[in-house]
Amino acid sequence: MKDIAGVQHVPARPMLFLLSMSYSLAGIIASKILALQFIGALGVAMTALGLVELTREFFARHRDISWNPDAGTPYAASTELVVNLMTVLFGIVAAFFLFAVTIRKSVVLDLFSFQINGVFFNKLIYYGLPFGEMFGKAFLSGVVLTGISFFLAAIYKEAGMALILSWTGSLWGIAMAILIRHGGMGASAALQSLLIVDPENFARASLLLVALAAQSVAFINSGMTGLFLARGALKYSLRSSQFRAVAHTSLRLFGAALGFLMCAAALTAYAISRDGG
């Protein structure tokens with residue numbers, strides 16, 4: 001990352017990827033040692049703890065660039081922030097995926113029940129519904145989780161954002177590992193119909209992974225919205241031009257989050273509804 005006088009330094013993106021992957025692997029392994037049966041949830045929490053300081057640096061850099069005309073524009077600062085957050089997300093995905101594909105298949109479903117029964121696979125209970133009904137359920141589920149992301153970041157600030165990144169990254173990584181590895185593992189008929197090991201279902205599973213990626217972006221945007229509004233409300237008068245500028249940026253971010261949620265819901269409905277896949 002380019003160093004600018006008076007602007008918070010952030011490591012280069014390859015280093016961000018390696019750091020987030022290392023923090024995640026350390027959190028997963030520590031969780032396995034401390035509490036085997038809670039590894040999925042505890043691994044997310046410990047990964048988030050490791051990422052708090054890095055996340056704080058991201059937002060400090062965003063603030064420094066946004067309010068320094070010589071450093072760049074607010075749009076450039078926001079773009080860099082999103083790219084940095086997504087880089088960290090990919091590192092978390094890689095860590096959870098690598099861990100899940102290197103342990104025995106027979107224990108993955110038990111160790112990561114927190115992820116398997118979460119945002120990604122809970123939609124399989126609606127497998128076979130008509131497209132419209134499936135879209136509505138998927139979108140409503142996404143809106144609820146996006147709201148949770150908003151309040152996590154608004155209340156816990158950078159720690160809340162770190163938890164959002166850790167949570168969504170773990171879901172994505174475990175989802176890919178499960179879909180690749182678990183043919184013939186006694187999974188439900190709905191899950192079996194999505195396994196990548198079956199070539200006929202590769203496109204269906206791929207659509208769900210893309211939907212999960214879109215949901216991840218929506219959660220991150222929603223978290224940024226909550227954090228920006230909370231910080232702005234503490235720093236500026238609600239009637240000031242500065243707060244109006246913060247609110248305008250936040251509304252654009254939240255609008256983008258809803259757009260990504262709609263895309264994710266449509267992809268999910270197409271993949272597992274009766275009318276789609």
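Mentor: In this predicted model, α2 passes α3 in a right-handed crossing. The two helices pack at an angle of about 160 degrees, and their axes lie 10 Å apart. Since angles over 145 degrees count as roughly antiparallel, α2 and α3 are therefore roughly antiparallel to each other. On the α2 side, the contact is made by Ile39, Gly43, Val44, Thr47, Leu51, Leu54, Phe58, Phe59, Arg61, His62, Ile65 and Ser66. On the α3 side, the residues in contact are Pro74, Ala77, Ser78, Glu80, Leu81, Asn84, Leu85, Val88, Ile92, Phe96 and Phe99. Sorted by class, this contact of α2 with α3 has 15 nonpolar, six polar and two charged residues.

Helix α1, residues 13-34, packs against both of these partners. With α2, the axes of α1 come within 7 Å and cross at roughly 150 degrees. The crossing of α1 past α2 is right-handed. From α1, the contact takes in Leu16, Ser20, Tyr23, Ser24, Gly27, Ile28, Ala30, Ser31, Lys32 and Leu34. From α2, it takes in Ile39, Leu42, Gly43, Met46, Thr47, Gly50, Leu51, Leu54 and Phe58. By class, the contact of α1 with α2 has eleven nonpolar, seven polar and one charged residues.

Between α1 and α3 the angle is about 40 degrees, with the axes 8 Å apart. The contact of α1 with α3 has 15 nonpolar, five polar and three charged residues.

The largest pocket has a volume of about 530 Å³. Its lining consists of 19 residues, of which His62, Arg63, Trp67, Phe228 and Val246 lie nearest its centre. The elements giving two or more residues to this lining are α2 (39-66), α3 (74-102), α8 (202-235) and α9 (241-272). The largest share, six residues, comes from α2. By class, the lining of the largest pocket has nine nonpolar, five polar and five charged residues.

The second largest pocket holds about 290 Å³ of space. It is lined by 13 residues, and those nearest its centre are Tyr75, Ser78, Thr249, Arg252 and Leu253. At least two residues of that lining come from each of α3 and α9. The lining of the second largest pocket has eight nonpolar, four polar and one charged residues.

Notes: Residues are numbered from 1 along each chain as its sequence is written. This is a predicted model: local features need pLDDT of at least 70, side-chain atom pairs count only at pLDDT 80 or more; totals for chains, interfaces and linings use all residues. Side-chain values use heavy atoms; hydrogens and water are left out. On a 1 Å grid over the protein atoms alone, a cavity is a set of points where a 1.4 Å probe fits but cannot get out, and a pocket is an open set with protein on both sides within 12 Å along at least five of seven lines; lining residues have an atom within 4 Å of a point. Grid points are joined across faces, edges and corners, and a volume is the space filled by probe spheres set on the points. Helices (H or I, at least four residues) and strands (E, at least two) are DSSP runs, numbered from the N terminus. Ala, Val, Leu, Ile, Met, Phe, Trp, Tyr, Cys and Pro count as nonpolar, Asp, Glu, Lys and Arg as charged, and the others, Gly among them, as polar. Axes are lines fitted to C-alpha atoms, for helices over the stretch in contact, and angles run from 0 to 180 degrees between N-to-C directions. Angles under 35 degrees count as roughly parallel, over 145 as roughly antiparallel, 65 to 115 as roughly perpendicular and the rest as oblique. A crossing is left-handed if the near helix is turned anticlockwise from the far one by less than a right angle, and right-handed if clockwise. Contact means heavy atoms within 4.5 Å.
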